[in-house]
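Open the structure in your viewer and show the side chains. This tour goes from one selection to the next.

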Amino acid sequence: MTLKLEITAVSSRTVSLLILPNATRFHLDAPLDWVLSQADGTTVETGTTQQAPVFIEGLAPSVSYRFQVADQVLGFATPACSGEVDAAAFGLSEDAQDNSFALQSAIMATPAGGTLVLPKGVFKTRPIFLKADMTFYLPEGTCLFADHDRSGWPILEPRDETGRVVGTWEGLPEAAFAAPVTAIDCDNLVITGKGTLDGGGDRGDWWDWPKETRDGARRPRGLFLAYGKNVQLSGFTIQNTPSWTVHPFHIDGLTCVGLKIINPADSPNTDGLNPESCTDIDLAGIHFTVGDDCIAVKAGKRGPGQVDHLAPTRRLTVRHCFMERGHGGVVLGSEMSGEITDVAVHACEFLGTDRGLRIKTRRGRGGKVARVSFRDVVMRDVPTPFAINAFYFCDPDGHDDWVQDRAPAAVDDTTPEVHDITLEQVTATGVAIAGVAVLGLPERPVHSITIKDFNISFDSDAAPGVPLMADGVAPVRNVAIWSEFAEIDGTVDLIPHA
């Protein structure tokens, strides 16, 4: 057996790793035992895993460790910590209706390079604001439980005093309620531990007004991070969020590993992880089961007279993740006006998502999606594994003739562009609708799509369905490739349905 060990993130209290025997994606073919010891050989912890990502907490700062599986050993050292702050000393109480003042006091007392440690328990809270150069440590058994009453809830205005966008909604500057956990200007922030962030979306009325504004603001995210470098999220579970679950915004150097992102299937717009206008992003070993797209990559939306807020998302890697349910597994757009480029999705598993890799745009967006690689991916019961839609009917004018007309329109800076997409070593079983569905613009067709070793089996009992959310697209079933206004090089091979 060929076995590879990889550290994906390390903090002063935790480590995230990948155990990768042979061609592992997320789940292992057989369970494997592991041992964590100090450099002198003293055993710290042992365990058994049936999945590639492993997360260990309770480590000490500035200590050398050895992680061993079979005959493979990987050494690492935890970074130093400038000081530990016990949040319990600031009056946290499971009986309190709102722990936000106690938590905020503890955050402000945490020194640069220090760690705020939360006690075990369920703590009700209203929004808190983390800061740069700190570790926010939620150990197993800790839950921050967001209040459902939004009266007096802080609101992020569309722009701050310097003109930067801070309140944002679907790619445009708009007032939005602060997330239960918010961090603005968050260089070197670490959020880690086996604890839980519960966003309270299943309490109150958050899910009753998905596209509305109430009390002067849009719904909050579950975790909102804006303007930072070298941000690390690892190990924790985040669930029941009012809207998008984890929303990094203008983060340069983002690591998200070993997370569990969970929302009910019928919760509206509860995308799992939405990096927007971010660069150098590593998403590894994450388990998604959500009510909308699992990963939805954004780069802002062009609005009437609004382009100064647009910025690209570049150099994104998604690996060894498990996307379960959700509208799409990995989705690029539809807010892509600032450009989304250099995306690599590999060694992932998809189960029961409506689509696998999905690219969404429409006239008026401008920008481009380019240089996307989708490799070594296995899908089961995904009705349409690969979809590109340049007629996506989002926004109030999405069904207007100028958006949906199939006659060529004039090409200008609002015409989106999609090109250089590679699909390789993909296996999808139980495909109901179409293996590949591509609808480009007649004035700017999708081009340079390369398909290699793409294997599917059909669900022969499937009813016809619409492969793309665009006007004038008829239902189909068991189609290998459906395309219009697109240049595709390669074929889809049929395999027997198990």
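The stops below cover aromatic contacts and salt bridges in a predicted model.

**Aromatic stops**

The whole structure holds ten aromatic pairs. Select F177 and W206. Their rings pair edge-to-face, 5.8 Å centre to centre, with 70° between the planes. F177 sits in strand β17, while W206 sits in the loop between β20 and β21, so the pair ties together parts 29 residues apart in sequence. F177 is buried at 3% relative accessible area. W206 is buried too, at 0%.

With F177 and W206, they form one aromatic cluster.

Next, show R150. It lies over the face of W206, 5.7 Å from the ring centre. R150 also belongs to a salt-bridge network with D205, E212, R214 and D215.

**R203**

Move to R203. This residue lies over the face of F145, at 3.5 Å from the ring centre. The R203 side chain also meets D202 in a salt bridge, 3.1 Å from N to O. R203 counts as buried at 16% relative accessibility, whereas D202 is partly exposed at 42%.

**Salt bridges across the sequence**

A search of the whole structure finds 26 salt bridges. Select R164 and D185. Their closest N and O atoms are 2.8 Å apart. Both ends lie in loops, and the pair ties together parts 21 residues apart in sequence. R164 is partly exposed at 25%, as is D185 at 40%.

Finish at K301 and D395. This salt bridge has its closest N and O atoms 3.1 Å apart. It ties together parts 94 residues apart in sequence. K301 is buried at 6%; D395 is partly exposed at 28%.

Conventions:
Residues are numbered from 1 along each chain as its sequence is written. This is a predicted model: local features need pLDDT of at least 70, side-chain atom pairs count only at pLDDT 80 or more; totals for chains, interfaces and linings use all residues. Side-chain values use heavy atoms; hydrogens and water are left out. Rings of Phe, Tyr and Trp (its six-membered ring) pair if their centres lie within 6.5 Å; planes under 30 degrees apart count as stacked, over 60 as edge-to-face and the rest as tilted. Helices (H or I, at least four residues) and strands (E, at least two) are DSSP runs, numbered from the N terminus. Buried means under 20% relative accessible area, exposed over 50%, partly exposed in between (1.4 Å probe, protein chains only). A charge sits over a ring if NZ of Lys or CZ of Arg is within 6 Å of the ring centre and within 35 degrees of the ring normal. A salt bridge is a side-chain nitrogen of Lys or Arg within 4 Å of a carboxyl oxygen of Asp or Glu.
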